[in-house]
Amino acid sequence: MESECLAPEWGSQPCVMGIDEAGRGPVLGPMVYGCLYCPISYQTSLASLHFADSKTLKEEKREELYESLKLDKSIGWAVDVIGPRELSANMLAKNKINLNEISHNSAMGLIKRVLDMGVLLTEVYLDTVGDPEKYRVKLCERFSSIKFVVSKKADSLYPVVSGASIVAKVTRDRALRGWLVEETGENINRNFGSGYPGDPETKAWLEQHKHSVFGFPSLVRFSWGTCTTHLKSEVEVAWESDETEENGFGNSSKRQAKLSRFGFTNKSESRSEEIESSGKGRCKFLQARKIQQITQF
């Protein structure tokens, strides 16, 4: 039962929730937060379902448990899928939002969604992000009527968190398997391994799919330090931007501005700033999208 549905019949009883994430560390794909909730009176039965930390289970077993919990009328669940673009945008913005804060916001968002349904949450168990006590205090200040337990390895200690771990992990795995790769003009393959920075297959995939101007496909989290090491041979990028001069006439003049963010500043590989609108000599990225240079508007 997803949280977008109406509150279940048992929602008026005191309920417990577990929250866990999947995909915090990988350089590829989304980070997924999942929650599982049920009546406190159902916790003994929940333990008998033999949930475990999703990382300790084989994919087939995770899928089996996921399908079984979806059919259980005494369990509710919900997910928050945070895509790589959103992660990078937040972490690279002028007013940066770090990964811990993104994680906290996601967890609190799930709690609010279930409360807004009318479910009587009285206890919530979470795997910690950062200092456990500081995290607990932060949650208590936001939701004063709920008892919070924040613990390391919560997914292996509390069945309700183990169930949330299954929800998050299976959702992320399915998202990666069915990921719509937008950059079709670059012959992108899907053999990217686990997505973790230390995976040799993932590192090889990043090396094969980097672009000297556009960086990486949208599947990649640009904000990860792993990306920086792969962008050593970038080219200088320039574009025209309007700059209004205070000369009393309000005229605007054109100037060339250089893009140095992400380290795209290798002068030895500079290209001509003038590209004919015919598309001759353009890179595959632009050709695939039939992007042309417009000189008149």
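Analyst: A residue counts as buried under 20% relative accessible area, as exposed over 50%, and as partly exposed in between (1.4 Å probe, protein chains only). The model is predicted, so local features need pLDDT of at least 70 and side-chain atom pairs count only at pLDDT 80 or more, while totals for chains, interfaces and linings use all residues. Residues are numbered from 1 along each chain as its sequence is written, and side-chain values use heavy atoms, with hydrogens and water left out. L121 is a case of burial, because its relative accessibility is 3%.

User: Where does L121 lie, and which residues does L121 touch?

Analyst: Helices (H or I, at least four residues) and strands (E, at least two) are DSSP runs, numbered from the N terminus. L121 belongs to strand β4, which covers residues 121–127. Contact means heavy atoms within 4.5 Å. Beyond four places in sequence, the residues touched by L121 are C15, V16, M17, Y37, I111, V114, L115 and I146. Distance along the chain may also be set against distance in space: L121 and S12 are 109 residues apart in sequence, with their C-alpha atoms 8.9 Å apart.

User: Which residues does the UniProt annotation "binding site" cover?

Analyst: UniProt positions are given in the numbering used here, with feature names shortened, and annotations may be inferred rather than shown by experiment. In this unreviewed UniProt entry, the "binding site" annotation covers D20, E21 and D127. These residues span 108 residues in sequence, but no two of their C-alpha atoms are more than 8.3 Å apart, so they gather at one spot.

User: Is D20 buried or exposed, and what does D20 touch?

Analyst: D20 is buried, because its relative accessibility is 3%. D20 sits in strand β1, residues 15–22. Setting aside residues up to four places away in sequence, D20 touches V32, Y33, G34, D127, D155, V161, A164, S165 and A168.

User: What can be said of E21?

Analyst: E21 is also placed in strand β1, but it counts as partly exposed, at 22% relative accessibility. A polar atom of the E21 side chain lies 3.2 Å from the backbone nitrogen of R24.

User: How does one describe the packing of α2 and α7?

Analyst: Axes are lines fitted to C-alpha atoms, for helices over the stretch in contact, and angles run from 0 to 180 degrees between N-to-C directions. Helix α2 (residues 59–71) and helix α7 (residues 159–177) have axes that come within 9 Å and cross at roughly 115°. Angles under 35 degrees count as roughly parallel, over 145 as roughly antiparallel, 65 to 115 as roughly perpendicular and the rest as oblique. The two helices α2 and α7 are therefore roughly perpendicular to each other. Residues in the contact include L65, Y66 and L69 of α2, and I166, V170 and T171 of α7.

User: What surrounds T171 and R172 in helix α7?

Analyst: T171 lies in helix α7 and is buried, because its relative accessibility is 15%. Apart from residues up to four places away in sequence, T171 touches V32, Y66, V79 and V81. R172, also found in helix α7, is buried at 3% relative accessibility. Among the residues that R172 touches are P30, V32, S194 and R221. R172 and P30 are 142 residues apart in sequence, yet 6.9 Å apart in space, C-alpha to C-alpha.

User: Finally, what is the phi of K153?

Analyst: Most residues other than glycine have a negative phi. Phi of K153, however, is positive, near 60°. K153 is placed in the loop between β5 (147–151) and α6 (154–157), and K153 is exposed, with a relative accessible area of 60%.

Key:
Polar contact = N/O pair within 3.5 Å; in protein donor to acceptor, adjacent residues only side chain to side chain.
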